[in-house]
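Here is a short report on one protein chain. Please read it alongside the sequence and the coordinates.

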Amino acid sequence: MDEQEQKLILTSVFGDSSSETEAEDICNSISVVEKNPNWDRVKEIEGLWLCQDFLSPERQALLLSSIEREGWFTTASHNQAMRFGDLPEWAIELSSFIREAICCNDGFYPDLCEDPTTYQDKAKACPLSLELLWREPLFDQLIVNVYQPGEGICAHVDLMRFDDGIAIVSLESACVMRFTRVKSEACDSEDGEFKEEGSHMMMVPVFLPPGSLVLMSGEARYLWKHEINRKPGFQVWEGHEINQRRRTSVTLRKLCQPNACLLASGTTGEQKSE
């Protein structure tokens, strides 16, 4: 279905009163769901999936405009915004896109959209388990970060107050996110942080172009630290240094239920991020 056909359908449903801007917004929303984005499983890390073409350039522009209209980043000193509970409408829509991109993708059993119980035995083929994919709401916590050239984030595991299944959408500038698994970790009961014991086992770089989506669950969420080092000379991919510009990231998570914020191993500590 091309753009003109979509507009004709919208006119027949909503009438001529719909503004051109509203029609364009809806058309862009439809195109995101219909284009069947490509998913890649990062084979070195269980539970880490990448969708490089999650958002079209048009949809990225709409998302950035929605963030700008929030008025969160009016001064250079404001580079992070957090929301808990009731999220902005555009963040709820983004959550819906994530779910639809998974369960309605040709490679992830499109019938999941209609009857998730039918494919319980095939849940491992999806970027999120069925239990996570069909929870309500999918996400109820939002962080938007704005990074200027050279700025990144240190290696960390997300706070244990958040449930399994974390989504990160990258906008504006490309970057390389590096994942590192520590040989063993223990919790310091005084400050609640993970303490590294032993040497790093391996580092896995993942290239994040604008409009890409990263999903972390299971081992990727709990047993691997992720970081972005954008200092000069560190952002190199396939032998070429990345041209750094301002980068905006949107992270979606879900708060744990009381008494449910435990690792599979039973550890309750957490690694603080930068």
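## A buried loop residue

Ala 174 sits in the loop that links β6 to β7 (175-187). The model is predicted. Is Ala 174 buried or exposed? Its relative accessible area is 14%. The cut-off for buried is under 20%, so Ala 174 counts as buried.

Which residues does Ala 174 touch, leaving aside its neighbours within four places in sequence? The contacts are Phe 207, Leu 208, Pro 209, Pro 210, Arg 230, Gln 235 and Ile 242. Gln 235 is 61 residues away from Ala 174 along the chain. Yet the C-alpha atoms of Ala 174 and Gln 235 are separated by 9.3 Å.

## The chain overall

The chain contains 6 helices and 13 strands. It has 274 residues, and buried residues make up 44% of them. Take the contacts with a separation of 6 or more: 78% of these join residues 24 or more positions apart.

## The sheet

Seven strands form an open sheet, in the order β1-β2-β9-β6-β13-β4-β3. The pairing is antiparallel. Strands β1 (40-41) and β3 (80-84) are the edges, and each pairs on one side only. Strands of a sheet pair through backbone hydrogen bonds, either parallel or antiparallel.

## Strand β6 and its partners

Strand β6 covers residues 166-171. In the sheet order β6 stands between β9 and β13. On one side, 5 bridges join β6 to β13 (residues 247-253), and the two strands run antiparallel. Leu 171 is bridged to Thr 248 of β13. Ile 168 has Thr 251 as its bridge partner in β13.

The link from β6 to β9 is made by 4 bridges, again antiparallel. Here Val 169 has Leu 213 as its partner in β9.

How many of the residues of β6 are buried? The count is 6 of 6. In a regular strand the side chains alternate between the two faces of the sheet. One side of β6 carries Ile 166, Ile 168 and Ser 170. The other carries Ala 167, Val 169 and Leu 171. Both faces are covered.

## Helices on the sheet

Helix α3 (residues 57-69) lies across β4 (141-147), β6 and β13. Its direction is at about 100° to β6. Helix α4 (residues 89-103) also packs on the sheet. It touches β4, β6, β9 (213-216) and β13, and makes an angle of about 75° with β13.

The length of α4 can be checked. At 1.5 Å a residue, its 15 residues should span 21 Å. The end C-alpha atoms are 21 Å apart, so the model agrees. The buried residues of α4 include Trp 90, Leu 94, Phe 97, Ile 98, Arg 99 and Ile 102.

## How α3 meets α4

The axes of α3 and α4 are 10 Å apart, and the packing angle is about 150°. Angles over 145 degrees count as roughly antiparallel, so α3 and α4 fall in that class.

Which residues make the contact between α3 and α4? From α3 come Arg 59, Leu 63, Ser 66 and Ile 67. From α4 come Trp 90, Glu 93, Leu 94 and Phe 97. By class, this contact has 5 nonpolar, 1 polar and 2 charged residues. Trp 90, Leu 94 and Phe 97 are also among the buried residues of α4.

Notes
Residues are numbered from 1 along each chain as its sequence is written. This is a predicted model: local features need pLDDT of at least 70, side-chain atom pairs count only at pLDDT 80 or more; totals for chains, interfaces and linings use all residues. Side-chain values use heavy atoms; hydrogens and water are left out. Two strands pair if DSSP finds at least two bridges between them. Contact means heavy atoms within 4.5 Å. Axes are lines fitted to C-alpha atoms, for helices over the stretch in contact, and angles run from 0 to 180 degrees between N-to-C directions. Angles under 35 degrees count as roughly parallel, over 145 as roughly antiparallel, 65 to 115 as roughly perpendicular and the rest as oblique. Ala, Val, Leu, Ile, Met, Phe, Trp, Tyr, Cys and Pro count as nonpolar, Asp, Glu, Lys and Arg as charged, and the others, Gly among them, as polar. The expected span of a helix is 1.5 Å times one less than its number of residues. Buried means under 20% relative accessible area, exposed over 50%, partly exposed in between (1.4 Å probe, protein chains only).
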